[in-house]
Amino acid sequence: MQFGRYYEEFEVGAVYKHWPGKTVTEYDDHLFCLITMNHHPLHLDTHYAAETTDFGRNVVVGNYVYSLLLGMSVPDVSGKAIANLEIESLRHVAPTFHGDTVYGETTVLDKTESRSKDDRGVVYVETIGYKQDGTVVCVFRRKVMVPKRSYGEARGGEQPGRPEPRPRS
């Protein structure tokens with residue numbers, strides 16, 4: 001199974017539909033908030049959200065939605081990355097609620113060969129996240145430095161660093 005892509009494998013205009021989606025649970029949202037110390041009651045306090053917000057219920061913290069989409073994109077986009085260079089923009093377009101399922105897809109906007117090293121290039125992509133009903137919830141653009149095939153082959157191919165099993169005694 002392929003994990004990420006080499007520079008040569010990216011084509012401007014290609015769309016990668018990340019699979020599977022992820023249903024966001026209250027536990028996921030609360031754990032992420034607590035780990036990152038975001039204790040805003042919009043995300044953690046059901047009574048507060050119901051009584052004082054326009055949404056009437058807890059909203060999933062946006063950075064979790066972004067992180068989820070970024071993670072979903074790794075096998076298709078950055079699995080072979082040398083570096084994530086830049087998040088150019090990040091927009092939260094609509095709220096995500098507990099029980100929503102988030103799906104993502106990434107479009108290749110551009111690619112540029114490195115001027116300083118001939119074994120890599122920069123791929124510019126846009127990822128969108130949307131809910132089970134198609135509502136777009138998050139959009140972000142980023143630049144990823146990815147290796148050319150020659151870089152990967154010089155470092156062990158498709159699964160660099162993978163050990164060989166020892167014979168059983």
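Begin with the charged side chains, of which the chain has 20 positive and 23 negative, the centres of the two sets lying 7 Å apart. Bear in mind while selecting that this is a predicted model.

Among contacts with a separation of 6 or more, 71% are accounted for by residues 24 or more positions apart.

Now select Val-24, Tyr-64, Val-65, Leu-68, Leu-69, Val-102 and Cys-138, which touch the most other members of the largest nonpolar core, a set of 14 residues. Two of the elements that each supply at least two residues of this core are α4 and β5 (136-147), and the largest share, 6 residues, comes from α4. In soluble globular proteins, nonpolar side chains tend to be buried together.

Stay with Tyr-64 for a moment and display what surrounds this residue: leaving out residues up to four places away in sequence, Tyr-64 touches Lys-22, Val-24, Asp-28 and Phe-32. Then select Phe-10, Tyr-16, Val-77 and Val-144, which are among the 9 residues of another core, lying apart from the largest one.

Finally, move to the loop between α3 (46-52) and α4 (62-78), and centre the view on Asn-58, whose place is in that loop. Is Asn-58 buried or exposed? Its relative accessible area is 6%, and Asn-58 is therefore buried, the cut-off for that class being under 20%.

Which backbone oxygen lies 3.0 Å from a polar atom of the side chain of Asn-58? That atom belongs to Leu-42, while the backbone oxygen of Asp-45 is reached by the side chain of Asn-58 at 3.4 Å. To complete the picture, show the residues in contact with Asn-58, setting aside its neighbours within four places in sequence: Pro-41, Leu-42, His-43, Leu-44, Asp-45, Thr-46, Ala-49, Phe-97 and His-98.

Technical notes: Residues numbered from 1 in each chain as written. Predicted model: local features only at pLDDT ≥ 70, side-chain atom pairs only at ≥ 80, totals over all residues. Heavy atoms only, no water. Helix = DSSP H or I, 4+ residues; strand = E, 2+ residues; numbered from the N terminus. Buried < 20%, exposed > 50% of the residue type's maximum accessible area, 1.4 Å probe, protein only. Polar contact = N/O pair within 3.5 Å; in protein donor to acceptor, adjacent residues only side chain to side chain. Contact = heavy atoms within 4.5 Å. Core = buried A, V, L, I, M, F, W, Y, C linked by side-chain atoms within 4.5 Å. Lys, Arg positive; Asp, Glu negative; His and termini not counted. Charge placed at Lys NZ, Arg CZ, Asp CG, Glu CD.
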